[in-house]
Amino acid sequence: MKMNALIKIRLKALLGGLLLVITQLGFAAPKIENWVTDSGLQVYYVQVPELPMLDVRLTFAAGSAHDGDKAGLASMTSSMLDKGAAGMNADQVAEAFESVGAEFSTGSARDMAWISLRTVTRAEQMQPALASWKKIIASPDFPEADFARLKKQMLIGLEAEKQSPAAIASKAFYKNLYHDHPYAQPQNGTEKSIQSMRIDDLKNYYKRFYVVKNAQLALVGSISRNEAEKIARQIADALMSKGKGAGEKAPEVPEVQPLPKAEVIHIPYPSKQAHIMIGQPGDKRGDKDYFKLYLGNHVLGGSGFTSRLMKEVRVKRGLAYSVYSYFIPMQENGPFMLGLQTRLSETDKALEVVRDVLRKFQKEGPTEEELKASKLNITGGFPLRTASNDDIIGYLAMIGFYAMPLDYLDTFTAKVNKITRDEVIDAFKRRVDPDKMLTVIVGGEEKHKDKVKDNAKENSKAENKTLGKEAITEKKPQK
Amino acid sequence: MITSLALPGVIRTSFLVLVIMGLSGAFSSLVLADSGSIQGKTDSNTNHISNSVPDNSKVHEYQLKNGMKVLVKQDKRAPVAVIQVWYRIGTSYEHDGITGLSHLLEHMMFKGTKKHASGEFEKLVSAIGARNNAFTSQDYTAYYEVLASDKLETAIEIEADRMRNLLFDPEEFKKELEVVKEERRLRTDDNPNALMREQFNAVAFLNSPYRAPVIGWMVDLEHMKVEDAHDWYKKWYTPNNATLVIVGDVDPEQIHAWAEKYFGVYQSHPLPDVKVRTEVEQKGIRHITMKLPAKLPGLRMGFKVPGMISAKKGEVEKWEPYALEVLAYILDGGDSARFAKNLVRGREIAASAGAGYYSYGRLPNLFVITGVPAKDVSTADLQKALLNEVDILKNELVSEAELKRVKAQVVANEVFERDSIEHVATLLGSLESVGLGHQYMDDYVPGVLAVTAEQIREVAKKYLLEDHLTVAELIPQSLKTTAKTEKKPSTTKSIKK
């Protein structure tokens, strides 16, 4: 049986390879197969026959954007899944996976939550691993004692954030970038929200969001299409057990409003460096400007050593070890952010350089030469992006979750390569406003307000009229 | 687990994970979300159980006439390859006063040669779509490009060029030194656990060079000169001190030919004498406390233990390092291991706890145990609980089920690790560079599978001794900035710092 299956896989891979050679010269992205199970579960599958292993990932629209007024709910629900299921306690769950060498994990972010499994494909290991995985999906127990401990762990996690200037900056950045929008929610909750969370909140959240209609399944590895279909059906059944049915899609994430004005937030902290984050709402998955912004940002701060920010801040001036900019496209507009860390004495200088680089780029865009170099880099490096099973399942999850077209990887470089310099300039003009940037600075002593205002002035030279109304916020370090 | 070839103290140059490019942006929010959280475990290499790759495609080994070694391994899943050039030079070759020099030199390696001026190098690498960087550890420095395999020759040419033709422009040096100092502030100075770890190592080791931080002491960085870097380069960057490792969709014979063409032109040079500096025997427990602006207390403990290299040299039994390796898995090889089961869950004494056997150096290192106490638990009680788990290993045999679990994990991981060609290349290069030899990869799984419960008890009794233990405790201090305390000079609190 086993043998036959293996031979079939190899044959299929061989034939698949032949077809690709005929139809496509050069790099071929992994062949993604997509189907929907009878119960309505979206499945994305790539066969990689070479390594005897399987990756499985279920994604749900169940991230912190769906926390409502209970910050940390998505994260806590996700963390409780391996604490007990179908009568197994946390020890038994861990042993069930580790005794067959499998890796189980869960996680959550702003848009999504996921449940993953990595196992070798020898039946004696894969079958028990999959069986345990399905038990967790079908009937997590949410034991009270583990929930009490998780609360304490979450609170310690919040303490850990407070001793990391990077974490403090990131938290303040999201909070002030998104204000009333759910993306502003601290994913790990607050002292108050964690303490007042009840186990029923988690159970209800699981029941509502971890459902077939709100899920996508990704499978990558050395299993046949038939096996993949069978596994997908079983997983869909597990999701629907206990009378849960196929459920409903999560409600839409509300639209993100642009920032009304520039704002500078300084948070004093006893560090050697200032951690600086500058940004505003950027773009979303499937955005009509996605490729233009992506390509432009590659030149600005997304390409590592050859980026303008790296050249100006690090190479020319030695002001920082790490400096970057990027768009994080999400369900709705994710952040466009620039960041660096510099010794306290150079904070103002570094800010000035970064703002100048951004302002100039937003106005003039990349040079033809820069654009060409970025296109070469993106095209030439494209095969690296799907070189491992781990890379591939990441893309499958993204494509499935954000309902990207199946030829997303096949057409990516072509889409990038046909973008002109004018299109990049146009996109940056419409989508990035250097006069309305949020700036978060963590580090150093409490500044005099005038001083901060000076910084802000540089940020918005052109917008004198808004200066008077500029929100200059001094924040105490969070306790 | 902290174990493994994802070596401790390895520093990656240039940019952090913070540079998250393009497509993967979808998930970059996840990366940020995890920062600062201790929900997982204490060390970044946590859970990564390393090692060994089955030999369904063997390692092709060549030696050039000038002494340079070439290792090639095929992986044809995707039309990509990784090229790494390894130099046997790192912090453990440095002496007091020049700590961090190997790492600083690594940064200078991106600053141009006679042929490829500073900046041009990066453009060239970018134009072929390569992802590149470098890393320095206590024992080695390595440079790499990951790229489409049809662009490999360019990368080989570039790497060969900077092996001998590097420029040392004083202005570039000055700026890069500032960059490295920023790197030190980012990684160490503003991170309480990293600061503790740095001084812990300096106390655990008296004369072994493993006492020095890879990034270097700040005072040493402040007094570094461009000539120091240049001398270091001339001494150590020679073909007979290097290994070229290539893994991916490549033809080994073609690689060999290119290696001859580009690296083969250099002469070998005599290498400086490396002093032995064997650590003196520890004669009793050492204890330090670190008072740092922080929120959470922390504990770091280390026992002096032999390394894999000690067995290779015949100083200890062949099986002993493997037994220590399995012992580390027993304590912290996942969520079903003893620390998670007994201390994080169970008695709820630790918010997190980790164990790792630092076994792959060219010199013996430590068996490290780390932990953060659970809420309302004292660090002293956590220490007692962690050491109690060690004592149990000295007195009782581990169960059959636990041994079976570890072995299943090791066998599965051997498959999982092959998913990343970079990981495979890094294993080959590091094993070769510390003197274990790349063939060690084939010995690893059988070595682990042969370990018995009795052997685990024996190494616990023989090596995890209180007299060979160093303990560091982090005592959190206020995170208030000085300006704020100055504002209230009348309160007694303000005098605190």
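## Chain B: overall make-up

In chain B, 81% of the contacts between residues at least 6 apart in sequence join residues at least 24 apart. The model is a predicted one. Chain B holds 18 helices and 12 strands, and 56% of its 497 residues count as buried.

## Domains of chain B

Chain B is split into domain 1, covering 11-18 + 40-262, and domain 2, covering 286-477. The C-alpha centres of domain 1 and domain 2 of chain B are 26 Å apart. Their contact draws 41 residues from domain 1 of chain B and 44 residues from domain 2 of chain B.

On the side of domain 1 of chain B that touches domain 2 of chain B, the elements giving two or more residues are β3 (69-74), β4 (80-87), β6 (141-148), α6 (192-204) and β7 (242-248) of chain B. Helix α6(B) provides the largest share of this side, with 9 residues. By class, this side of domain 1 of chain B consists of 19 nonpolar, 13 polar and 9 charged residues.

## Chain A: make-up and confidence

Chain A has 18 helices and 14 strands. Of its 479 residues, 55% are buried. Among the contacts in chain A between residues at least 6 apart in sequence, 81% link residues at least 24 apart.

The average pLDDT of chain A is 90, and 88% of the residues score at least 70. Residues 1-25 of chain A have a pLDDT below 50, and this stretch makes 12 contacts in the model beyond near neighbours in sequence. The pLDDT is also below 50 over residues 448-479 of chain A, a stretch with 47 contacts beyond near neighbours in sequence. Where pLDDT is low, the predicted coordinates should not be read in detail.

## Domains of chain A

The domain assignment of chain A gives domain 1 as 2-18 + 29-240 and domain 2 as 263-474. Taken over C-alpha atoms, the centres of domain 1 of chain A and domain 2 of chain A are separated by 30 Å. The contact involves 29 residues from domain 1 of chain A and 30 residues from domain 2 of chain A.

At least two residues each are supplied to the side of domain 1 of chain A that touches domain 2 of chain A by β2 (42-47), β3 (53-60), α6 (165-178) and β8 (215-221) of chain A. The largest share of this side, 8 residues, belongs to α6(A). The residues of this side of domain 1 of chain A comprise 19 nonpolar, 6 polar and 4 charged.

## Contact between the chains

Chain A contributes 87 residues and chain B contributes 80 residues to the contact. On the side of chain A that touches chain B, helix α5 (residues 144-162) of chain A gives the most, with 10 residues. The classes on this side of chain A are 36 nonpolar, 32 polar and 19 charged residues.

## Helix α10 of chain A

Helix α10 of chain A spans residues 290-302, and its 13 residues place the end C-alpha atoms only 14 Å apart. A straight helix at 1.5 Å a residue would reach 18 Å. At Gly296(A), α10(A) bends by about 30°. Just after α10(A), Gly304(A) has a positive phi of about 75°.

Most of α10(A) is covered, with 12 of its 13 residues buried. Among them are Phe291(A), Lys292(A), Tyr294(A), Asn297(A) and His298(A). The bend residue, Gly296(A), is also among the buried residues of α10(A).

## Leu358 of chain A

Leu358(A) lies in helix α12 (residues 347-364) of chain A. Leu358(A) counts as buried because 23 other C-beta atoms lie within 10 Å, and the cut-off for a buried residue is 20 or more.

Leaving out residues up to four places away in sequence, Leu358(A) touches Leu338(A) and Pro434(A).

Technical notes:
Residues are numbered from 1 along each chain as its sequence is written. Chains are lettered from A and ligands numbered from 1 in the order in which they are written. This is a predicted model: local features need pLDDT of at least 70, side-chain atom pairs count only at pLDDT 80 or more; totals for chains, interfaces and linings use all residues. Helices (H or I, at least four residues) and strands (E, at least two) are DSSP runs, numbered from the N terminus. The expected span of a helix is 1.5 Å times one less than its number of residues. The bend at a residue is the angle between axes fitted to the seven residues ending there and the seven starting there. Domain bounds come from an automatic or database domain assignment. Two residues are in contact if their C-beta atoms, placed from the backbone, lie within 7 Å. Ala, Val, Leu, Ile, Met, Phe, Trp, Tyr, Cys and Pro count as nonpolar, Asp, Glu, Lys and Arg as charged, and the others, Gly among them, as polar. pLDDT is the predictor's confidence in each residue, from 0 to 100.
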